[in-house]
Amino acid sequence: MIKNTEMVDFKVFHDKWGHLIPVEENATIPFDIKRVYYIFGVEDGIRRGFHSHRELNQALVCVHGEVKILVKTPEEEENILLDNPARALLIGPMVWREMYDFSKDAVLLVLASEHYDEADYIRDYAVYEKEAKTWFKNVVSR
Ligand code: T46
């Protein structure tokens with residue numbers, strides 16, 4: 001995995017009535033969960049994201065359908081298929097992300113460590129690249 005990203009497998013409780021996955025802050029997910037949002041109904045060919053966060057930690061779970069995520073730093077990049085409600089992609093600070101190839105039925109659930117703050121976004125790739133190069137040089141990443 002590239003720096004500041006990680007996959008987490010959730011414990012699934014299976015029984016004859018179906019499946020259940022509990023998710024707890026600072027346990028299953030290694031941060032406080034202050035915000036939850038979900039993305040769905042994304043049309044064919046749409047690509048979203050195109051930004052990084054300065055501070056935010058997030059866990060992305062495709063709870064239905066599938067979606068691909070490009071995660072990228074100035075040094076490396078990876079494309080990850082999310083197609084399992086029992087797996088989360090953790091994305092830490094200063095990682096560029098794009099979400100694409102949403103299946104029609106995809107529901108992408110996101111658990112976030114902070115409330116919404118537009119000032120935490122870096123939406124210009126050139127600005128991101130400059131800040132991220134310095135950040136990765138100076139900060140010990142997870
Ligand atoms: C991320 C990826 C995975 C809010 O008002 N509150 C919120 O909590 C969020 C997430 C968004 N918004 C508003 C801001 C925009 O007017 O919803 C609109 C769409 O947001 P955005 O274009 O940022 O959506 P994505 O899919 O490009 O990115 C989102 C998150 O914003 C971002 O943090 O990492 O999903």
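Which residues does Tyr100 touch, not counting residues up to four places away in sequence? I looked this up in a predicted model. I found Ile46, Arg47, Val67, Lys68, Ile69, Leu70 and Asn79.

**Entry on Tyr100.** I placed Tyr100 in strand S10, which covers residues 96–100. I then checked one of the residues it touches, Lys68.

I traced an open sheet of 5 strands in the order S8-S7-S10-S5-S12, with antiparallel pairing. Strands S8 (77–82) and S12 (121–122) stand at the edges with a single partner strand each, so one side of each has no neighbour in the sheet. I looked at the pair S5 and S10 next: 3 bridges join these antiparallel strands. His51 stands opposite Arg97 in S10. I reminded myself that strands of a sheet pair through backbone hydrogen bonds.

**Entry on Ser52.** I found Ser52 in strand S5, residues 48–53. I recorded Ser52 as buried, because its relative accessible area is 0%. Leaving aside neighbours within four places in sequence, I listed its contacts as Met94, Val95, Trp96, Arg97, Asp120, Tyr121, Ile122 and Tyr128. For Val95, I noted that the Ser52 side chain reaches its backbone nitrogen at 3.3 Å.

Key:
Residues are numbered from 1 along each chain as its sequence is written. This is a predicted model: local features need pLDDT of at least 70, side-chain atom pairs count only at pLDDT 80 or more; totals for chains, interfaces and linings use all residues. Side-chain values use heavy atoms; hydrogens and water are left out. Helices (H or I, at least four residues) and strands (E, at least two) are DSSP runs, numbered from the N terminus. Contact means heavy atoms within 4.5 Å. Buried means under 20% relative accessible area, exposed over 50%, partly exposed in between (1.4 Å probe, protein chains only). A polar contact is a pair of N or O atoms within 3.5 Å; within protein, one must be able to donate a hydrogen and the other to accept it, and residues adjacent in sequence count only if both atoms are side-chain atoms. Two strands pair if DSSP finds at least two bridges between them.
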